[in-house]
Structures are given as structure tokens and as C-alpha cells.
Amino acid sequence: MRERLKVDLSEEVINYLLLPALEAEQKRSFTNIMDINKGHLVMLISNGIVTREDGQKIMEALDEINQKGASSLELDPKLEELYFNIEAALIKIVGVEVGGQLHTGRSRNDLYATLARMNSRDNLLSICEQIIKLREEIIKIAENTLYTVLTGYTHMQPAEPVTLAHYLSAILSALERDFKRFRQSFNQTNISPLGAGAMASTSFNIDRKETSQLLGFNNAMANSIDGVASRDYVLEALSAMNIFMNNLSRFSHDLYIWSTDEFGIVEVGDSVAASSSIMPQKKNPITLEHIKAKSGHIIAALVSATSCLKNTSYGHSRDATESFKYLWDAFYEVDSCLHLMTATIKTLKFNEEKMYIRSLENFSTVTELANTIVREANISFREAHQVVGHLVSEMIDKKIPVSKINSEIVKDISKLVLGREIILSKDGIQKALDPIYNVESKNTIGGPAPEEVKKQLQKLNEVLMQDKEWLTEHQGIFQYKKQQLSKVQV
């Protein structure tokens, strides 16, 4: 393999480039690279490039290597990569005249491009599976909290009453879009470069459609240069992960804030919490802290991959290959965060009474008071806004609670602000300041009214079922393809 070169690899290249990558590939890629070898071999035999007799010997040797497993493979970093170590083991069993035929009609460029896509699609499906599990747990809570009043916040200040189900419906909507992005990323990834060669394909009469089909790809890539050069699917996967982790971080942040003593409206279970080494009263929601922090790791991975690829030629090169460096770590981090969040969600306890009382007392209901003024006094909303704004300011200054708002106060403030008195009915004021009425009256599409949220959850659940069907179908396809390769007879 180094016939062109006159000097052996330096210890620095071996120790700092090849060996770390080789050991990582051994753990990550052994199963998929063996499937690629089998698929390629089956195609070589069926197209008469390798004889059935030699193919049988190679297949039996591959099965022997496969059965012994990745850990039994003797790694020689001087062979540079995992494939060539497998090839060395193969040749040791059947000899170079037979074993050396396996690499006919392909290059390590298209081989590793194929391997990277197979590894990526496995990880993408795993993430999709975990997102589905997270959505299922959130829907369970949402369906049981349709009438649980919660203060909604803008600028981290009390805004208007909603329900916990309405808030969770928003989170579910974001997760639904995340799933779509991962699904799109999967489709862009699941295209086979195998047979693209180093970059100009091959003069051997190979059948790229056959290997594509054997390995479970949707189809073969249409251009051999693109087959070995393309890394945009890496950026697409990292972008999907970055957006997802951003959404997950924001959800985690809300739960984190709500779990503080100052809010005190949610508590995480003991199984996902930690205590202090010197403060025995502490219960720290550590999973939420880690999830928030790990979102930064994904941003770093995306920036790193982008930096590796920018200003590189559109072909195979080592700097383009470096774009994978943090992709695998990113997949692991996202998968970890999904498991942590799902485990945390299962333990949550909400203080519904405190949530309701808070919405009664924090002036979040007075937007509806302004709406009531518009309806009963027949004035513009801007005028009603001015009245209520002055009213709230005065009540805060005088430390008067929301519950003390009455028609007299409204009349006095309107006289001061508008120069005329506005008389509101007692019933109108009571309804406006009632968080439950606030919520139930907002029944437009997307609103927090329980019946409307029920419709939202129904639609979210329907899409979730469709996503589960898609995932099950593709998991089944890959399982079937792997079983077929494991049983293939030459």
C-alpha cells in the first residue's frame, strides 16, 4: 500500500493520527464495514468479477473474522485504517491471491464514504427513536393537564394565563419539527457512494445499484466525485442536532427556573437529582444543567465541521475527513441528552395549586380586563391599554392586590387617563381576572382553551403515530438487510 513511498510512517503520524482513529473505528464501525465487504463481494461474484469459488473462500473468511468480533482483530497502525487491518486478517486466512480480490472495483475513499453514511444513518435513526419516546412522555403529561393553569411568560415576566398542557403542546410542536429535520437528514444521508472509487469510479463492470440495495440505501449517488467529496450531509445532521439541542435547552431552562425556590412550581425526582457535599438541604436538578450545557457542545461540533470543510477542494482530502471528528461525539451527546430528558420528564411533579395562585396574583389576567373594557365601554383597545397600564402601576405602588380591582377603581383611573368615566360590570371584572375564564375564553386556533389544546394534542399525536410508522419501517428494512447479508450463500 506504501509502494510509492520510500520511508516508513513516523512515530508521530502513527501515535497522533492513525492509531487513535483506528481504535475509534474498531469500536464504532466494525459491523458496518463487514456488511460493506459482504455486499461488495456479493456484487463482484454476481457480475463475474470474482469467481464463485474464490468468492466462497472470501465469504467464509469474512464470516470467521466477523464471528471473532472487533476486539479480536489485531490492529497494526502501519496499515493506517480499519479496512486494511481486516484485509490483512482476510489474507492471512485465504492468501493474497484470493483475499486481495475483495478490494477490486473500489477505493478506500468510496468505502469510507459509504461507512460514514451508514454510521450516520444508524445514529440518526437512534435519535429519531428517542425523540419519539420523549414526545410520548410529554403527551402523557399534557393530556392530564388540560385544565392546569400556568402563568405564561414573555421577557421572563408574567404575561397571560395559559395551561401546562398548552405550554407542553408548544414544546411538542418544536419536537415534531425537529423530527422532520432528522428525517430529512436521514434521507439525504441514506444514498450510497460505494463504487465511486477514489473519485472517478472504476473500469470494472460493477453494479452500484446492487450494492446500494444490499446495504439498504435508497439509491446510489449519481456522481462519483460527489460520492467521495460530499460532506454537506454531515453539516445537515449537525445543523438538525444543533437546532434540536437549542429547543431542548430552552425547555430544560424553563423547567430549571421553575424548580427554583423562587418559582417552586415543579420538582424533579430524586433519581435525577444530586445533593450538596456540605449543604444537606440541597436538591439539585443536575440532568437539566447538563442538558443545557451540552447544547453548546453541538454548536462547537457544527462550527468545527464547517471550518474543516470550507475552502477545501471538492474531492477527497484528509481535511474534509476531519469534519467527522466531532460528528460522532455530537451523536452521542444528543442521544445522551434525550435519555436524560426522558428520564427526567417521567419524574416531574407540578405544584398545581401554587401555579394557580401565582396566576391570580401576578397581574397576568389584566390583559383580559383591557379586552373587557373594549367590549363593555366600546372604546379602542389602545385606550383600554392605557387605562389598565395606569391601573396596574398605581396598584403596585400602593401594594393593592389584583383581587381588589373593582368598578370604582376602574372608573377613577379612566377618568384620570381618558377624561371620562368607564363603568364595568362586577361580573365582567370577575371573569376577566379569573385565570380559568381567561384560559377558556381563548379558544381560537392555537389558543390555550382546553378544548382547543385537546385538538392540538390530537394532531400532534396523529403525526407522532405517522413518525413511529416511518421509523419502524426503516428499522425493519435495515434489520432485514443485515439478516440477509448474514445468511448470504455464495
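The lining of the second largest cavity divides into four nonpolar residues, one polar and one charged, where Ala, Val, Leu, Ile, Met, Phe, Trp, Tyr, Cys and Pro count as nonpolar, Asp, Glu, Lys and Arg as charged, and the others, Gly among them, as polar. The model is predicted, with local features needing pLDDT of at least 70 and side-chain atom pairs counted only at pLDDT 80 or more, while totals for chains, interfaces and linings use all residues. Residues are numbered from 1 along each chain as its sequence is written, and side-chain values use heavy atoms, with hydrogens and water left out.

This second largest cavity holds about 30 Å³ of space and is lined by Leu-150, Thr-151, Tyr-153, Ile-265, Met-355 and Arg-358. A cavity here is a set of points, on a 1 Å grid over the protein atoms alone, where a 1.4 Å probe fits but cannot get out, and its lining residues have an atom within 4 Å of a point. Strand E1 (149–154) and helix H13 (352–361) are the elements that give two or more residues to this lining, and E1 gives the most, with three residues. Helices (H or I, at least four residues) and strands (E, at least two) are DSSP runs, numbered from the N terminus.

A search of the whole structure finds two cavities of 30 Å³ or more, a volume being the space filled by probe spheres set on the grid points, which are joined across faces, edges and corners. The largest cavity contains about 50 Å³. Its lining consists of Asp-35, Met-118, Arg-121, Leu-214, Leu-215, Phe-478, Lys-481, Lys-482 and Leu-485; by class, five are nonpolar, none polar and four charged.

Turning to helix packing, the axes of H9 (residues 232–258) and H12 (residues 327–345) come within 11 Å and cross at roughly 30°, the axes being lines fitted to C-alpha atoms over the stretch in contact, with angles from 0 to 180 degrees between N-to-C directions. H9 is therefore roughly parallel to H12, a label for angles under 35 degrees. Contact (heavy atoms within 4.5 Å) involves residues of H9 including Val-234, Met-241, Phe-244, Leu-248 and Leu-255, and residues of H12 including Leu-327, Phe-331, Cys-337, Met-341 and Ile-345. By class, this contact has 17 nonpolar residues, one polar and no charged.

Key. Parallel < 35°, antiparallel > 145°, perpendicular 65-115°, else oblique. 1 Å grid on protein atoms, 1.4 Å probe; cavity = no way out; pocket = protein on both sides within 12 Å on 5 of 7 lines; lining within 4 Å.
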